[in-house]
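Please keep the sequence and the structure in view while reading.

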Amino acid sequence: MDVPADILELARGARRVTVLTGAGASAESGIPTFRDAQTGLWTNLRPEDLATPEAWYRDPPRVWAWYAWRTRIAATCVPHAGHRAIAEWGRRDGVTMKVVTQNVDDLHERGGSEDVAHVHGSLFRHKCDVCNAQYRGVLDLPVEQVERLEPPDCEQCGMGRIRPDIVWFGEALDERVFGAAIEAVEGADLLVVVGTSGIVYPAAGLPGVARAQGIPVIEINPHGSDLFDQLDHAWEVAAGKGLPAIVAALDD
Ligand code: BV8
C-alpha cells in the first residue's frame, strides 16, 4: 500500500511520535465503535445514556451488565496489525513513542506498546463508588449479554458498590493522566491521530494543542472526523492498513 508522500516524509523525520487513538483504532479487532449502532440489548441506547454517573446511580446493575459485556468482548479480542505497527515504530532506534488513548480496552498494551495513557480509564480497573478504593477481587463476566448484573459490594468501606474505573460523561478526567497526555502531545515532533471522531472533549482538544505549537498532525481514519480543520494531512485509510504501511516504508 502506498503511503502518501507528505505523510511518509513526516513519519521518516519524526523522532518523538505521539499517537492519539479513539474507538476506530480498536474496530478491526472487533470492538464496535461508539458511532456504530449499539448491538444486542443496547441497540436503542446511546453510550451517552449508559456511560454517565446518573445512569449508574439510577440503576447500577444495568450499567454494570453493559460494562461486564464490553469487558468480555475486549478480553476476547486480539490486537491487529495497526496496534503492532505502533509498537514496532516505537522500538526503532532513535524513536520514542507515546500512546494517548480514549479507549478503555488493553489492545495497545497487548500489541506491544509500553507508554500508554488511558485518558478515559480502563475496563480492567474497578473502584468503589463511595471510597474510591481500587477493587482487587476477581470478576465473573457473563458469557452471554445480560440486561442486569449485580456489581460487587466494596469490602473496604462496606458502603459503596464496585464500578468501572472509567471516566463517564460529566466526570472529570484524572488530572495526572491527562497532564501526561498533554505532555506527550507537547513533547512530540509528530502527532498521529487514529480512529477518533474528535467529538468528546477535553481529549478532542489535544490535536489543537499540537497545532498551537506548530507540531504536525496527521490523521488515519477511513471516514474523516470533526478534526478536519486541525490536521496537516488526513489519510482516509483503516488503522490496520495505514499504520503497518507507514512503518514498513520508513526505511525504503
Ligand atoms: C468533562 C469512557 C468536565 C466511557 C468516554 C454537558 C455536561 C457535561 C459535560 C459535557 C456536556 N457537554 C459536553 C460535555 C463535555 C463532554 C463531551 O465532550 N461530550 C460530547 C458528547 C460533546 N465531555 C465530558 O463529559 C468529559 N468530562 O468534560 O468533565 C468536568 C470538569 C470538572 C469536574 C467535573 C466535570 C468526559 C468525557 C469522557 C467520556 N467517556 N469513554 C466508556 O467507554 O464507556 S468517551 C468515549 O466516547 C470514548 O472514550 C471516546 O472519547 C468517545 C468516542 O469517540 P471515538 O473514540 O472517537 O469513537 P467514535 O465511535 O466516535 O468514532 C470512531 C472513529 O473511528 C470514526 O471517526 C470512524 O470514522 C473511525 N474509524 C472507524 N473504523 C476505523 C476508524 N478509524 C481507523 N481505522 C478504522 N478501521
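## The second largest pocket

On a 1 Å grid over the protein atoms alone, a pocket is an open set of points with protein on both sides within 12 Å along at least five of seven lines, and its lining residues are those that have an atom within 4 Å of a point. In this predicted model, the second largest pocket is lined by 18 residues, and R125, K127, D165, V167 and D174 are the ones nearest its centre. Its volume is about 290 Å³.

The strands β3 (116-118), β4 (121-128) and β5 (162-166), together with the helix α8 (175-186), each supply at least two residues of this lining. Sorted by class, the lining has seven nonpolar, four polar and seven charged residues. Because domain 1 (1-30 + 79-120 + 173-252) and domain 2 (32-76 + 123-166) both give residues to the lining, the second largest pocket lies between them.

## The shell around the ligand

There are 36 residues around the ligand, of which R35, Y67, R70, T196 and S197 come nearest. The shell has 20 nonpolar, 12 polar and four charged residues. The helices α2 (24-27) and α5 (60-76) each supply at least two residues of the shell, and the largest share, three residues, comes from α5.

The ligand lies between domain 1 and domain 2, since both of these domains give residues to the shell around it.

## Polar contacts and cover

An oxygen atom of the ligand lies 2.8 Å from a backbone N or O atom of F34, and an oxygen atom of the ligand is also 2.8 Å from an N or O atom in the side chain of H120. For E171, a backbone N or O atom lies 2.8 Å from a nitrogen atom of the ligand. On its own the ligand has 1500 Å² of accessible area, and the protein covers 73% of it.

Technical notes. Residues numbered from 1 in each chain as written. Predicted model: local features only at pLDDT ≥ 70, side-chain atom pairs only at ≥ 80, totals over all residues. Heavy atoms only, no water. Near = heavy atom within 4 Å. Polar contact = N/O pair within 3.5 Å; in protein donor to acceptor, adjacent residues only side chain to side chain. Areas by Shrake-Rupley, 256 points an atom, 1.4 Å probe, with all protein chains shown as cover. Helix = DSSP H or I, 4+ residues; strand = E, 2+ residues; numbered from the N terminus. Nonpolar A, V, L, I, M, F, W, Y, C, P; charged D, E, K, R; others polar. Domains from an automatic or database assignment. 1 Å grid on protein atoms, 1.4 Å probe; cavity = no way out; pocket = protein on both sides within 12 Å on 5 of 7 lines; lining within 4 Å. Points joined across faces, edges and corners; volume = space filled by probe spheres on them.
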